[in-house]
Amino acid sequence: MEGNKLDCCVVRDLLPAYVEELTEPETAEQVRSHLAECAACREMEAHMRQAVPLRQAPRRALRFLRRVRRTRLIAALLSVLVALWCMWWLYDREYHYPDTEAGWLAAVEDYIPSPADSTSSHRIEPDTPLRVLAARTRGNELYVAYAADNADRVHGVVRLERGWNGKYRTLSASMAPFPYTAGVLETELTAGDGTALYLLAGDTCREIYGIRVTWYMALNGAKTLSPYEKTYPVTEPDFLWLLGEAELKKDLGIPEETEARAAYTQIALLDREGRDVTEEYRDDSVQDNWGGGKGTAELFLLNAYMGIAALLGVVFVRYFLRRD
C-alpha cells in the first residue's frame, strides 16, 4: 500500500468529483481501476456515498461548462488569427508594391512628388505627370527609372526592397534635371550590399542606335582621373541598365583587383552611322545645375507596431486559456 500512497492521495482528491460524476470519462475510468485494487480507497468512497446524498450533476450544467470551455478555445484561436492578420496588414502596408508595371508606377507616383509644404525651388508638384521608363531587379532589390513631365524634365531612379510577402517598399530615389528631349541618364546609387551601382536609363531613344560613355575613373585612390570609353548599342527606346562595380571594370578592361570609382561621366548619343548627335536632342531651356535624392526611414515603427500586435495576441490567448 505504501507503494501506492501517491496514487491514493490523488484518487482521494478526485473522489468528491467522481462520486458526483463530474470527472472526465478517462479520469473516471482511472479512478475505478484504482478502487478495484485499493480497499482503503473503496471504503472511503463508500463512506462518502453514504454521508453525502448522491445527486447527479444536471446534464444541462455539464453541457454549459463544456460550451464555455469550447468557446474559450475558439476565442483563443481567433485571438491568434487576428494578431497574425494585424501583423500581416501592417507589413503589407509597408511592403505593398508588386513587381508589375502598375506597381512600378504606383511606387513612383507615391514617392517622387514633393510634400505640399515643401519649400524647395526644384519641387515636383503632386499633380506632375510621371512616367516609368523601365525597371530591373537585382538580388532582392528593384530599380525603377522614371521621368517627370515638368519644366525641368526631372529623371531619376527609385530603389525598392523586396519583403517576405514578395512585394516591395521604397528605399531611396535619385532625381536630376534632364536637358534633352531624348537620351540617356547616368546615375549612381548605393546597392543593398554597400557597393556602388551605376545605372543608365534611356528615354525615347527611337532614333538613337548607340551611346558612347566616357567614364572618368579614380584608380587606387589617385587624385587624377583616368578616362575610359565604352560604346553600348541601343536596341529599345526606353531601358534601364544596371552595372555593378565588377561589371563596370570588366566592361572597361580594368583589372578586377584595382580599386576603381567613377567620378563622373560624359554620354554621347550616336545615330545609325555612329555619328554624335547629342546636340540635336539638347533642350537649352532646362538648366542642368542641380541634383538631389530622398531616402526612407528605417523600419523601427513597423517593427514596434508588429511587436505590439503580437503581444496583445499573447495576452488574449493567455486570458482565454486561463484556469479559473
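This is a predicted model: local features need pLDDT of at least 70, side-chain atom pairs count only at pLDDT 80 or more; totals for chains, interfaces and linings use all residues.

Visitor: What is the geometry of the pair formed by the rings of Tyr 198 and Trp 215?
Guide: Happy to start there; the structure holds 10 aromatic pairs. For Tyr 198 and Trp 215, the ring centres are 5.8 Å apart and the planes meet at 75°. Planes over 60 degrees apart count as edge-to-face. The angle of 75° therefore makes this pair edge-to-face.

Visitor: Which strands does that pair link?
Guide: The two residues are 17 residues apart, and their pair links distant parts of the chain. Tyr 198 belongs to strand S6 (residues 196–203), while Trp 215 belongs to strand S7. The strands asked for are S6 and S7.

Visitor: Is Trp 215 buried or exposed?
Guide: Buried means under 20% relative accessible area. Trp 215 has a relative accessible area of 0%, so Trp 215 is buried.

Visitor: Which residue in S8 is the bridge partner of Trp 215?
Guide: Strands S7 (residues 210–219) and S8 (residues 226–233) pair in the antiparallel sense, over eight bridges. They form a hairpin with six residues between them, and Asn 220 in the turn has a positive phi of about 50°. Across in S8, the bridge partner of Trp 215 is Tyr 228.

Visitor: How far from the ring centre of Tyr 319 is Arg 322?
Guide: A charge sits over a ring only within 6 Å of the ring centre. One such case is Lys 230, whose charged end sits over the ring of Tyr 232, 5.9 Å from its centre. Arg 322 lies over the face of Tyr 319, and its distance from the ring centre is 4.3 Å.

Key:
Residues are numbered from 1 along each chain as its sequence is written. Side-chain values use heavy atoms; hydrogens and water are left out. Two strands pair if DSSP finds at least two bridges between them. Helices (H or I, at least four residues) and strands (E, at least two) are DSSP runs, numbered from the N terminus. Rings of Phe, Tyr and Trp (its six-membered ring) pair if their centres lie within 6.5 Å; planes under 30 degrees apart count as stacked, over 60 as edge-to-face and the rest as tilted. Buried means under 20% relative accessible area, exposed over 50%, partly exposed in between (1.4 Å probe, protein chains only). A charge sits over a ring if NZ of Lys or CZ of Arg is within 6 Å of the ring centre and within 35 degrees of the ring normal.
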